Protein chains: 2
Amino acid sequence: MKLRYHTYDLKLRHTFTIARESSDVSTVVFVELEHDGITGYGEASPSNRYGETTDTVIEFIKKVEGDKISNPFLIERNVRYLESLSQKDYSARTAVDMAMHDWVGKALGVPLYRMWGLHPDDAPLTTFTIGIDSTEKIKKKVREAEQYPLLKIKLGGDNDEEILNAVRSETDKVLCVDANEGWSVREIALEKILWLAKNGVEFVEQPMPADQLLDTAWLLERASLPVIADENVVTLYDVPKVRGAFDGINIKLMKCGGLNAALKMIYTAKSMQMKVMMGCMVESSVAISAAAQLSPLLDYADLDGNLLITNDPFEGVTVEDGRLILPDKPGIGVTKKGGT
Amino acid sequence: MKLRYHTYDLKLRHTFTIARESSDVSTVVFVELEHDGITGYGEASPSNRYGETTDTVIEFIKKVEGDKISNPFLIERNVRYLESLSQKDYSARTAVDMAMHDWVGKALGVPLYRMWGLHPDDAPLTTFTIGIDSTEKIKKKVREAEQYPLLKIKLGGDNDEEILNAVRSETDKVLCVDANEGWSVREIALEKILWLAKNGVEFVEQPMPADQLLDTAWLLERASLPVIADENVVTLYDVPKVRGAFDGINIKLMKCGGLNAALKMIYTAKSMQMKVMMGCMVESSVAISAAAQLSPLLDYADLDGNLLITNDPFEGVTVEDGRLILPDKPGIGVTKKGGT
């Protein structure tokens, strides 16, 4: 079993701003797991919120001993081994988990969605994200996003009203809102939600800081829109903890440790009759296509990371009229552009 | 897609008694799903606790329209279709779900444990059940169970002490106890558990009636042994409800609706850091081998249904020194005796 890796700069179509930061380039680490003549692909998009950089990803991957995960079929044991190396290093573990899953799908000759018993037509619409920006640039982004029927806007800064008005001056599409923990006073969060409900918003993600779980439970009782957990849910064990504070969870592969963990989180949330969405970071078609394999199980998808970049070295899942189209290819379903 | 079925009388080695009933023969319904030249096997062992008989199973199977589950790979859609026909009829739905899974494993050419990323060596010991009986017969059964290192005894009647003493007069093996809802006064249930803890018992299953969940939570705080839910957990949606009242859950394929539901229940229980066991009814090697495919994920297994019968028409999982040995065969891993 050979594990290779290299960094790659994903170039952003627009400078990307959320409540915490902004950037033009996002560097990821690609992983290739080669075994028995089959190569599985994975990708890590490290998050500095969790103390990760491309350096920490590479450091983690160097620690992985090939003979400990020499049979990629043994996902459950292999994932436990990766966890034993580090409870953190989420995106690095995700990259290896993803490469194992891609390998398994290719070894069995089926897309992962098929292995999981899913029908690709059950994939939901994906939202397309309009990052925080000047009013003029937001309007331009909204116009450019014409082909996407569902937009996600990032609020939680000082000018929520200005942003929403800019978007609404261009479109009456259904919107989803990600507040990225931006509203720390529960009464204000409630006002915002009541206001958004009147403005064609479908749900609100992470209205309050993750350490204000009780305030979020207070908010949930009063909110007129579904409230979805993002920063409050990192791993599988967080899912039962947010019951009663959120209507649903947003799973991100780069936070949860991989496809194995994501599948378990989806099943767990559904057992609690919570909604499930999957989100992403800025990622290439590798990680987006991997997440999309699970999308037939989702209520909402926010898998647009590859639509935000200009130099994707892979092709896989595509979007038609906002709908995720899963390729009929084995594993995570990606091929290198101009090759395999 | 063709769905065939026939009833079959499983002959019991010993008259089988639990707190509620006793019997010498147990009739099951075998199902065969044939599609694209591959046949998947399933089995329903109907439980009268849930109003099921072989007649209700057959009635359900007759309702299944072949074109609604014409692609066995689409497990998630197919399971939803079966649920749409009946929220009850657990064992009938399980039989069809099992046949679909067997078909998928055969179509992919791998055992189900492999498709689920598991290593067969991670399968735990299985308990061997000593049914309620006269003191002399219990002693005889314990002697006959010499090759099984872990015994499960059924208590919850009027003579718990007599039964335990009879078992202990023959062996000092570790025991598991299933009270089958037999102790309805919580103080008495607590006394029983403290007494069992001193007598080499590893865990107690369903000490109190299922409708006494708060009493069971009271008991859990005071119990010196793990308390496992059986009658309190039927389907996936019951798993989150028993958190705080039990340390773990016992999943039975014949109650939960099939392998798809069982996998989801296991993942959900683990997200709550609860223990997971799988139990069974009197079943042939078809249903036992199907359950055994999930056993590498379990803390405890009680998969002895096929060891209690004398005319098993199939062979699949075997038990060596109490350990479940999963066959290296595709799907659920069974073959018809004297054929395929």
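Here is a short chat about a predicted model, covering its domains, chain contacts and a few local details.

Biologist: How is chain A divided into domains, and how far apart do their C-alpha centres lie?

Modeller: Chain A splits into domain 1, residues 2-109, and domain 2, residues 114-336. Take the C-alpha centres of domain 1 and domain 2 of chain A, and the separation comes out at 21 Å.

Biologist: Which element gives the largest share of the side of domain 1 of chain A that touches domain 2 of chain A?

Modeller: On that side, 35 residues of domain 1 of chain A are in contact with 34 residues of domain 2 of chain A. The elements giving two or more residues to the domain 1 side are strands S1 (2-17), S2 (22-35) and S3 (38-44), plus helices H2 (75-85) and H3 (90-108), of chain A. By class, that side has 15 nonpolar, 12 polar and 8 charged residues. The largest share, 12 residues, comes from H3(A).

Biologist: Okay, H2(A) next. Why do its buried residues sit on the same side, and what do they pack against?

Modeller: The buried residues of H2(A) include A:Ile75, A:Asn78, A:Val79 and A:Leu82. They cover an arc of only 100° around the axis, so they end up on the same side of H2(A). The face turned away from that buried side carries the exposed residues A:Arg80 and A:Ser84. As for packing, the partners of the buried residues of H2(A) are H3 and helix H10 (259-271) of chain A.

Biologist: And between the chains: which element gives the most to the side of chain A that touches chain B?

Modeller: Here 24 residues of chain A are in contact with 23 residues of chain B. H2, helix H4 (112-115) and H10 of chain A are the elements that give two or more residues to the chain A side. By class, that side has 13 nonpolar, 6 polar and 5 charged residues. With 5 residues, the element that gives the most is H10(A).

Biologist: Back inside chain A, what do the buried residues of H8(A) pack against?

Modeller: In helix H8 (residues 213-222) of chain A, A:Asp215, A:Thr216 and A:Leu219 are buried. Looking down the axis of H8(A), those buried residues fall within an arc of 100°, so they line one face of the helix. A:Leu214 and A:Glu221 are exposed, on the face of H8(A) turned away from the buried side. The buried residues of H8(A) pack against helix H7 (186-197) and strand S8 (227-229) of chain A.

Biologist: Now some backbone geometry. Is A:Glu181 buried or exposed?

Modeller: A:Glu181 is found in the loop between strand S6 (174-178) and H7 of chain A. A:Glu181 isn't a glycine, yet has a positive phi of about 65°. Being buried takes 20 or more other C-beta atoms within 10 Å. A:Glu181 has 20 other C-beta atoms within 10 Å, so the call is buried.

Biologist: What about B:Asp36, buried or exposed?

Modeller: B:Asp36 lies in the loop between strand S2 (22-35) and strand S3 (38-44) of chain B. B:Asp36 has a positive phi of about 50°, although it isn't a glycine. B:Asp36 has 10 other C-beta atoms within 10 Å, so the label is exposed.

Notes:
Residues are numbered from 1 along each chain as its sequence is written. Chains are lettered from A and ligands numbered from 1 in the order in which they are written. This is a predicted model: local features need pLDDT of at least 70, side-chain atom pairs count only at pLDDT 80 or more; totals for chains, interfaces and linings use all residues. Domain bounds come from an automatic or database domain assignment. Two residues are in contact if their C-beta atoms, placed from the backbone, lie within 7 Å. Helices (H or I, at least four residues) and strands (E, at least two) are DSSP runs, numbered from the N terminus. Ala, Val, Leu, Ile, Met, Phe, Trp, Tyr, Cys and Pro count as nonpolar, Asp, Glu, Lys and Arg as charged, and the others, Gly among them, as polar. A residue is buried if 20 or more other C-beta atoms lie within 10 Å of its own, exposed if 12 or fewer, and partly exposed in between; C-beta atoms are placed from the backbone. The arc is that of the directions from the helix axis to the C-beta atoms.
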